[in-house]
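Take a walk through this structure with the sequence at hand.

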Amino acid sequence: MKKRLESLLEHAITSLKNDSILPQGITVKIGVEQARDTSHGDFATNLALMLAKPAKSNPRQLAEKIVAALPSDPDVEKIEIAGPGFINFFIRATAQHDIVKTVHKLGSGFGQSTTGKGRKIQVEFVSANPTGPLHVGHGRGAAYGSTVANLLAATGFEVHREYYVNDAGRQMDILTTSLWLRYLEESGEAMQFPSNGYRGEYIREIASELHKKYGNDFHYAANLVMENIPADEPQGGDKEIHIDALVEKAKTLLAKNYRIIAKAGINTILADIKGDLAEFGIQYEEWFSEQALVDSGAVKAALERLRSEGYLYEKEGATWFSSSQLGDEKDRVVVRENGQMTYFASDIAYHMNKLDRGYDEIIDIWGADHHGYVPRVKAAMQSLGADPNRLSVLLVQFAVLYRGKEKVQMSTRSGEFVTLRQLRNEVGKDAARFFYVMRKAEQHMDFDLKLATSHSNDNPVYYVQYAHARICSVFRQLDEKNWARDLAGGMNQLHLLTESHEISLVNSLIRYPEIVERAAHQREPHQLVHYLREIATHFHTYYNAHQFLIDDSQLRNARLNLIEAVRQIITNGLEILGVSAPESM
């Protein structure tokens, strides 16, 4: 109905232009919104107010002219002009009820659209370094990224979900060295573990497996390993210099065996990440390796392309990208003094690769602490000759987990963190995913463990799922009574649905496609969450006020068709969120 009304208004604007009431060159985006208060109509538009200034007309008088130029529609009962020039549409109840028929007809396809048809979008999310298990902070980015991708797919976009595996560079070297030092402990050496190493229990477990498999193949005496290594931070040294020296010592002593340890660490941790995300309902079309990008020569090729365009220069032994020319606050190093390429160099090559793959839009979902990284990546895209607006960076605040009043620390190095797997085991996948997307991604979030596990109406995911389960229970009771359901007959009796609770539910059904489209366009899954909570509220209120399995078969079948439509929409919405729709609870 919303699109029909927009079409009617478009026809009226064309007619007013032809009659010279509106200038030919005037353009406006016609918007129709569903009214919250149905006493003011079912739909409304502020079109006259938007056109008043460019048309040099009084908005209310212009609204009258727009209404006069509207073609008739049998489903529009009346049109009123309110306030300074709002146009309110009242729709016939029979037309409103048609939404129940539409939901039944389209089923799981209801709410989907072709808005993005023909457009390819790549969504890259999570992409945590494979240096340890995913923690609860990563979980929010996972739930948000997955749901944004699902929303885009539901609105017709061709979506490519991707995880960028940072399996090259300094952090991988620190991980490898940390594993080797724990391996040496397994071999009987007393090692002073570096303050900047990775400490979690998972490091010890991988090191133990390495020792079981390779015995003493990688063993060196502790005094040889620590020979000429600068002091660590607790002993008055520099922790960065200390760990870098240990990395170089590991590479020197281990030679080719260094890669064996590195691969063991990366493969084990990455397999854990993949399994964790799969259990969390996250699927990717591609896991893109940074190391493969480096090995292919793509990073060097990207830097050469920047050099040929005049964006690279040498200073103090390092190679710099002049990103300040393109909106960044300062220039950035792409090759360090020691010849090692920075993460940013790889990111430039990675985004060049994305562009070369022909995506119409690239969406990167990063933690909010990476906000300063956005200008330099956009600058790199611009320097490569691409429109930086093809890149959208969506920032996600980490969720903060509380146990009572104590904030849980989440440091990958120290190992003192709550993993995503632990959270999922405690509250369940459904509650975790639902809670993670209840608020705007850029808003801070405190995760309430007690609420997430409660079986009460205060728990939003339980409340929505319970609405679905209640509807399923009604149909089980119908079968127990051996009553036949007349689906077609119920459709012919929808006009009997005149109770205020029924009208509220019908109006909620109508809004679902608009909610999905707007949530996709604005990249805001929380809009869908709020909608599902709202329709669940309407249903629970209806359930508590009225009987469905009544003797009046005509009204009974009409009501069953209505609540079946509600069940279908809850199912569709929860599926986009990656949350199950249980039939009993």
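Start at helix α22, residues 553–577. Its 25 residues reach 36 Å from the first C-alpha to the last. That is close to the 36 Å expected at 1.5 Å a residue, where the expected span is 1.5 Å times one less than the number of residues. Helices here are DSSP runs of H or I with at least four residues, strands are runs of E with at least two, and both are numbered from the N terminus.

The model is predicted: local features need pLDDT of at least 70, side-chain atom pairs count only at pLDDT 80 or more, and totals for chains, interfaces and linings use all residues. Residues are numbered from 1 along each chain as its sequence is written, and side-chain values use heavy atoms, with hydrogens and water left out.

Back to α22. The helix is mostly covered, with 21 of its 25 residues buried. Buried means under 20% relative accessible area, exposed means over 50%, and partly exposed lies in between (1.4 Å probe, protein chains only). Asp552 caps the N-terminal end of α22. One of its side-chain oxygens lies 3.2 Å from the backbone nitrogen of Gln554. Such a polar contact is a pair of N or O atoms within 3.5 Å; within protein, one must be able to donate a hydrogen and the other to accept it, and residues adjacent in sequence count only if both atoms are side-chain atoms. After α22 comes Gly578, with a positive phi near 80°.

Next, look at helix α5, residues 136–154. Thr147 lies in this helix. It is buried, at 0% relative accessible area. Thr147 touches Arg433, Val437, Pro525, Ile576 and Leu577, not counting residues up to four places away in sequence. Contact means heavy atoms within 4.5 Å. Ala143 is also placed in α5. Ala143 is buried too, with a relative accessibility of 0%. Outside four places in sequence, Ala143 contacts Phe280, Arg433, Tyr436 and Val437. Ala143 and Leu577 are 434 residues apart in sequence, yet their C-alpha atoms are 7.9 Å apart.

Now turn to strand β11, residues 361–367. Seven of its seven residues are buried. Strand β5 (residues 120–124) pairs with β11 in the parallel sense over four bridges. Two strands pair if DSSP finds at least two bridges between them. Gln122 stands opposite Ile362 in β11. β11 also pairs in parallel with strand β12 (residues 391–396), over six bridges. There, Gly367 stands opposite Val396. From β11 the chain crosses through helix α14 (residues 374–383) to β12, in a right-handed β-α-β crossover. Right-handed means that, with the strands pointing away from the viewer, the path from the first strand over the helix to the second runs clockwise.

Finally, find the open sheet of four strands. Their order is β1-β2-β4-β3, and the pairing is antiparallel. β1 (33–34) and β3 (76–82) stand at the edges with a single partner strand each, so one side of each is left without a neighbour in the sheet. Strand β2 (residues 43–45) and strand β4 (residues 86–91) pair over three bridges. Thr45 has Ile87 in β4 as its bridge partner. Gly83 sits in the loop between β3 and β4. Gly83 is exposed, at 52% relative accessibility.
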